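Me: Please take a close look at one part of this protein for me. I would like the nonpolar core and what surrounds it.

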Amino acid sequence: MITEQEFTNIYNLHASKIHRLCLGYASGNNELAKEWLQETFIKVWKHRNSFKGKSSIDTWIYRIAVNVCLGDLRKSRKSITINEDLLSNSDNDDNNDNNEGNIKKMYHCIDQLNEQNKALILLELENIPQTTIADTVGLAHGTLRTRLSRIRKSLLKCITNGK
């Protein structure tokens, strides 16, 4: 059983990573990402007694977050669009704005991936250990490494060619 103090520690440790994961699913929509972050931790709190410890707490929370994001996208068939003005204006801005533009391009390319590949790369971008990612999505570690390699190549192609 997770106590209130333990939950607070878990939240403080994982909230920023979960927010960035949700931000990836929300294609940069911060308000939607915050909503999913909140829903994720509400579910963590509600179901804290059902956590059996068979996997790490990290894996359990990431799985909940991925399910919250995908579930909401499926439920409402939300189509998250990226502000195209941010993409086109990135060439004329200074380095910080250019970096932000590149990040937006990356999210745009990530948004074009299928749901599972999107989850894999977003977790990878959070520097989550590959063993945790494999446990979270139910893949063998070797399969995960192969998929991540293919996804990275696909993203590089998308970012450089703009497709």
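Reply: What follows starts with the model itself, then takes up the core and its surroundings.

This is a predicted model, in which local features need pLDDT of at least 70, side-chain atom pairs count only at pLDDT 80 or more, and totals for chains, interfaces and linings use all residues. Residues are numbered from 1 along each chain as its sequence is written, and side-chain values use heavy atoms, with hydrogens and water left out.

Confidence comes first. pLDDT is the predictor's confidence in each residue, from 0 to 100. The protein averages 83, and 84% of the residues score at least 70. Helix α2 has the highest mean, 94, while helix α4 (residues 84–88) has the lowest, 50. Helices here are DSSP runs of H or I with at least four residues, numbered from the N terminus. Over residues 89–93 pLDDT stays under 50, and the model has 5 contacts there beyond four places in sequence. Where pLDDT is low, the predicted coordinates should not be read in detail.

Now the core. A nonpolar core is a set of buried Ala, Val, Leu, Ile, Met, Phe, Trp, Tyr and Cys residues joined through side-chain atoms within 4.5 Å. Buried means under 20% relative accessible area, exposed over 50%, and partly exposed in between (1.4 Å probe, protein chains only). The largest such core holds 45 residues. I18, L21, Y25, W36, F41, L120 and I121 touch the most other members. Two or more residues each come from α1 (4–25), α2 (30–46), α3 (57–76), α5 (95–111), α6 (115–125), α7 (130–137) and α8 (141–161). The largest share, 10 residues, belongs to α3. In soluble globular proteins, nonpolar side chains tend to be buried together.

Look at F41. Contact means heavy atoms within 4.5 Å. Leaving out residues up to four places away in sequence, F41 touches F7, I10, Y11, H14, A15, I18 and I61. T40 lies in helix α2. T40 is buried, with a relative accessible area of 0%. Its contacts, counted with that same exclusion of residues up to four places away in sequence, are I18, I61, I64, A65 and V68.

Next, L125, in helix α6. L125 is partly exposed at 41% relative accessible area. L125 touches M106 and I110, again not counting residues up to four places away in sequence. R20 is 105 residues from L125 along the chain, yet their C-alpha atoms are separated by 9.1 Å.

Two loop residues deserve a look. Q112 is found between α5 and α6. Q112 is partly exposed, with a relative accessible area of 47%. Q112 and L155 are 43 residues apart in sequence and 9.4 Å apart in space, C-alpha to C-alpha. N127 sits in the loop between α6 and α7. N127 counts as exposed, at 66% relative accessibility. N127 has a positive phi of about 60° although it is not a glycine. Most residues other than glycine have a negative phi.

Last, the α7 and α8 pair. Their axes come within 9 Å and cross at roughly 100°. Axes are lines fitted to C-alpha atoms, for helices over the stretch in contact, and angles run from 0 to 180 degrees between N-to-C directions. The two helices, α7 and α8, are therefore roughly perpendicular (65 to 115 degrees). From α7, the contact is made by Q130, T131, I133 and A134; from α8, by H141, L144, R145, L148 and R152. These residues divide into 4 nonpolar, 3 polar and 2 charged.

Definitions and conventions. Angles under 35 degrees count as roughly parallel, over 145 as roughly antiparallel, 65 to 115 as roughly perpendicular and the rest as oblique. Ala, Val, Leu, Ile, Met, Phe, Trp, Tyr, Cys and Pro count as nonpolar, Asp, Glu, Lys and Arg as charged, and the others, Gly among them, as polar.
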